[in-house]
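I opened a new notebook page for this model.

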Amino acid sequence: MLTLISLPAFDDNYIWVLHDGRHAVAVDPGDPAPLIAFLDAHQLKLTAVLITHHHRDHTGGNLVLRQRYNCAIHAPDNPRIPGVTHRLCGGDSVSLAEPAVHFDVLATPGHTLDHISYVGHGNLFCGDTVFGCGCGKLFEGTPAMMAASLDTILTLPDATRVCCAHEYTLSNIDFAKTIAGDNPKLLAREHTDRNLRAQRQPTLPSTLALEKATNPFLRFHEPDMTAFAAAYLKRPNPGPAEVFGAIRAAKDEWDR
Ligand code: ZN
Ligand code: FE
């Protein structure tokens with residue numbers, strides 16, 4: 001049996017751990033300390049790290065963890081990522097013996113060009129591609145690139161657990177309400193997630209079904225988001241990538 005755990009790191013990161021009671025795999029352990037403390041407390045051996053992209057808040061644990069556990073480090077093929085033992089691209093898969101797990105690798109560029117996501121055992125480890133009710137900033141990619149990545153994610157089953165790398169959900173909900181304030185599922189999510197945060201619980205993992213219903217960045221094919229984008233861009237009939245780009249631009253403006 002596999003257990004899925006989120007470990008808080010830094011101010012708002014999550015390190016995701018999947019373990020079988022003896023062996024563990026960790027996603028994006030940017031800070032090794034909380035992971036080592038968890039592994040020690042539960043007498044788990046780390047066999048592999050999965051990295052989604054090159055940012056330091058995701059890769060900062062690689063060298064320490066590899067030295068301590070002699071674990072494999074699976075990551076996108078980017079020389080900026082330290083300690084990598086297995087270089088991946090979209091279409092690849094990762095199979096481990098202990099824990100016995102298998103992940104498909106999706107190319108999900110947009111936040112960065114090297115960004116990949118891992119899908120396995122009902123979980124999506126999407127790094128900084130999808131956040132609860134939000135998505136990553138486009139530091140390197142284009143709106144069309146990110147929209148294509150999100151379209152790939154939209155093909156996954158509704159029950160998929162969406163395991164994001166940051167706890168940004170409440171502020172993302174605040175933004176989502178500015179463009180879809182009459183969405184009852186969004187308002188219900190706000191109620192649930194505010195209660196969780198008040199008790200210092202993570203709002204994640206969410207489900208793909210919940211994101212499809214409430215996350216404006218996954219709703220760029222929907223008529224209400226298309227209407228929002230047309231008004232924002234001041235031209236009729238924007239295409240899906242343009243709708244996504246308009247929502248992303250509006251969020252960037254709102255963040256400033
Ligand atoms: Zn990042
Ligand atoms: Fe990050």
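**Entry 1: His 102.** I looked up what His 102 touches, setting aside neighbours within four places in sequence. Its contacts are Ser 93, Val 94, Ser 95, Val 119, Gly 120 and His 121. Contact here means heavy atoms within 4.5 Å. His 102 sits in strand E8, residues 101–107. Helices (DSSP H or I, at least four residues) and strands (E, at least two) are numbered from the N terminus. I then looked up the cover of His 102 and found 35% relative accessibility, so this residue counts as partly exposed. The classes are buried under 20% relative accessible area, exposed over 50% and partly exposed in between, with a 1.4 Å probe and protein chains only. I also checked Arg 22, which is 80 residues from His 102 along the chain; their C-alpha atoms are 17 Å apart.

**Note on the source.** The model is predicted: local features need pLDDT of at least 70, side-chain atom pairs count only at pLDDT 80 or more, and totals for chains, interfaces and linings use all residues. Residues are numbered from 1 along each chain as its sequence is written, chains are lettered from A and ligands numbered from 1 in the order written, and side-chain values use heavy atoms, without hydrogens and water.

**Entry 2: helix H3.** Which residues of H3 (62–69) are buried? I found Asn 62, Leu 65 and Tyr 69. Viewed down the axis of H3, they fall within an arc of 75 degrees, so they line one face of the helix. That arc is taken from the directions between the helix axis and the C-beta atoms. An α-helix has 3.6 residues a turn, so residues three or four places apart point the same way. Leu 63 and Gln 67 are exposed on the other side of H3. The cover over the buried residues of H3 includes helix H1 (32–41), strand E4 (45–50), helix H2 (56–59) and strand E5 (72–76). Just after H3, I noted a positive phi of about 50 degrees at Asn 70.

**Entry 3: the whole protein.** I listed nine helices and 14 strands. The radius of gyration is 18 Å, close to the 18 Å from the globule rule for 256 residues, so the protein is as compact as a globular protein of that length. The radius is taken over C-alpha atoms, and the rule is 2.2 Å times the number of residues to the power 0.38. Along the principal axes, the C-alpha atoms fill a box of roughly 55 × 40 × 35 Å. Of the 256 residues, 52% are buried. Among contacts between residues at least 6 apart in sequence, 56% join residues at least 24 apart.
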